[in-house]
Amino acid sequence: MKFDLDAQQRDFANSIDAALSAADVPTAVRAFGAGDTAPGRRIWSQLAELGVTALMVPERHDGIEAHPVDLMVALERLGRWCVPGPVTESIAVAPLLLAGAPDEAERCAALAAGDLIATVAAPPSVPRAVNADIAGLVLAADPDGSVAVAEAGAAHASVDPTRTGFEVSPTGARWDADTATAYEFGALATAAQLVGAGTALLDASVEYAKQRTQFGRVIGSYQAIKHKLADVHIAVEMARPLIYGAALSLAEGSADTARDVSAAKVAAADAALLAAQSALQTHGAIGFTAEHDLSLWLLRVQALRPAWGNPAAHRRRVLEAI
């Protein structure tokens with residue numbers, strides 16, 4: 001039996017690729033990290049036009065209420081293009097946490113339209129809210145199943161300049177929400193972005209290996225380089241089906257959801273790290289420079305690996321499940 005994305009899902013991914021390839025995302029990422037979020041917000045507006053920001057919003061609030069697999073298709077592409085901002089938090093998690101909120105309809109509709117960007121803190125695994133300074137809505141979710149609107153406090157720099165974390169303090173009345181499921185969506189959405197980033201790093205490495213010469217030969221002709229890049233390709237391709245399998249578990253409410261999500265997050269984090277290491281080896285010294293676009297994905301991988309549960313925590317969940 002063959003499991004694959006259908007034509008509509010592939011077309012959706014291609015439409016995201018087409019929009020982001022023309023958007024000069026690297027320039028927007030650099031500006032975002034320097035405090036100018038306007039170019040990044042324009043990219044979010046494009047995503048809204050494609051329906052990406054509406055994927056998890058219920059239809060009754062002008063959303064799409066998409067299948068989790070469709071969400072992962074989109075998040076992988078956003079990771080591939082290194083889109084700045086609280087992608088996981090706003091697109092995958094906030095719509096779930098707003099269920100039951102007093103102003104659910106208004107805020108969910110704003111999320112779907114791209115008029116509102118949200119971020120989330122969910123201790124203990126997500127102790128800080130990323131990009132809380134630019135988000136129009138900050139949510140604080142507790143393991144006990146309660147959620148409240150919060151305000152940003154002290155800022156903490158990230159290895160990725162576009163992902164400053166903020167301490168948050170709840171400011172309003174709490175409501176009940178399925179915070180456990182929201183966490184699974186957050187972890188899996190982050191895994192999808194890691195696979196996308198790993199794919200981007202692999203593609204960059206393959207292209208550079210065709211150009212860089214050493215000892216009179218392009219380095220891509222050396223067996224050691226071929227084997228290294230093949231290892232990355234295998235790691236990425238092994239992580240991707242785990243993500244879509246976990247998305248199916250989420251859709252079905254499977255008892256194995258936590259195990260499946262954690263297995264996907266571990267595989268994606270490991271694949272992205274291997275892709276980052278190989279990209280640095282392939283590019284050489286230029287890969288360490290901030291001027292080269294490679295640095296944007298290298299930093300994003302380092303920031304996303306511990307986000308929504310670090311690999312050790314997810315390995316522990318897999319071990320406990322088996």
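Guide: Gladly! Let us begin with Thr190, which counts as buried because its relative accessibility is 1%. Please keep in mind that this is a predicted model.

Visitor: How do I read a percentage like that?

Guide: A residue counts as buried under 20% relative accessible area and as exposed over 50%, with partly exposed in between. Thr190 has 1%, so it falls in the buried class.

Visitor: Where does Thr190 sit, and which residues is Thr190 in contact with, leaving aside its neighbours within four places in sequence?

Guide: Thr190 belongs to helix α7, which covers residues 179-209. Setting aside neighbours within four places in sequence, Thr190 is in contact with Thr88, Lys265, Leu304, Ala307 and Trp308.

Visitor: Let me try another threonine. Is Thr213 buried or exposed?

Guide: Thr213 has a relative accessible area of 53%, so it is exposed. You will find Thr213 in strand β7, residues 213-214. With neighbours within four places in sequence left out, Thr213 is in contact with Val218 and Ile219.

Visitor: And what about a residue such as Ser146, in a strand?

Guide: Ser146 lies in strand β4, residues 146-156. Its relative accessibility is 7%, so Ser146 counts as buried. Ser146 and Thr179 are 33 residues apart along the chain, yet 7.2 Å separates their C-alpha atoms. Thr179 is also one of the contacts of Ser146, along with Ala140, Ala141, Arg174 and Trp175, once neighbours within four places in sequence are left aside.

Visitor: Now helices. How do I read the way two of them pack?

Guide: Look at the distance between the axes and at the angle between them. The axes of α7 and α9 come within 8 Å and cross at roughly 25°. Angles under 35 degrees count as roughly parallel, and that makes α7 roughly parallel to α9. The crossing of this pair, α7 and α9, is left-handed. In the contact of α7 with α9 there are 18 nonpolar, seven polar and two charged residues.

Visitor: At what angle do α2 and α10 pack?

Guide: Helix α2 (residues 25-33) and helix α10 (residues 294-304) pack at about 60°, and their axes are 10 Å apart. The two helices, α2 and α10, are therefore oblique to each other. As α2 passes α10, the crossing is left-handed. On the α2 side the contact is made by Pro26, Val29 and Arg30, while α10 brings Ser295, Leu296, Trp297 and Arg300. Sorted by class, the contact of α2 with α10 has four nonpolar residues, one polar and two charged.

Visitor: Which helices do the buried residues of α8 pack against?

Guide: They pack against α4, α7 and α9. The buried residues of α8 include Ile225, Leu229, Val232, Arg240 and Tyr244.

Visitor: Which residues other than glycine have a positive phi?

Guide: Asp24 is one of them, with phi near 50°. Asp24 is in the loop between α1 (7-21) and α2, and its relative accessible area of 42% makes it partly exposed. Glu65 also has a positive phi, of about 55°. Glu65 lies in the loop between α3 (38-50) and α4 (68-80), and at 48% relative accessibility Glu65 counts as partly exposed.

Visitor: Last one: what kind of peptide bond joins Pro123 and Pro124?

Guide: For this, look at omega. The bond joining Pro123 and Pro124 is cis, with omega about 5°. You can find Pro124 in the loop between β1 (118-121) and β2 (129-130).

Methods: Residues numbered from 1 in each chain as written. Predicted model: local features only at pLDDT ≥ 70, side-chain atom pairs only at ≥ 80, totals over all residues. Heavy atoms only, no water. Axes fitted to C-alpha atoms, helices over the stretch in contact; angles between N-to-C directions. Helix = DSSP H or I, 4+ residues; strand = E, 2+ residues; numbered from the N terminus. Parallel < 35°, antiparallel > 145°, perpendicular 65-115°, else oblique. Left-handed = near helix turned anticlockwise from the far one by under 90°. Contact = heavy atoms within 4.5 Å. Nonpolar A, V, L, I, M, F, W, Y, C, P; charged D, E, K, R; others polar. Buried < 20%, exposed > 50% of the residue type's maximum accessible area, 1.4 Å probe, protein only.
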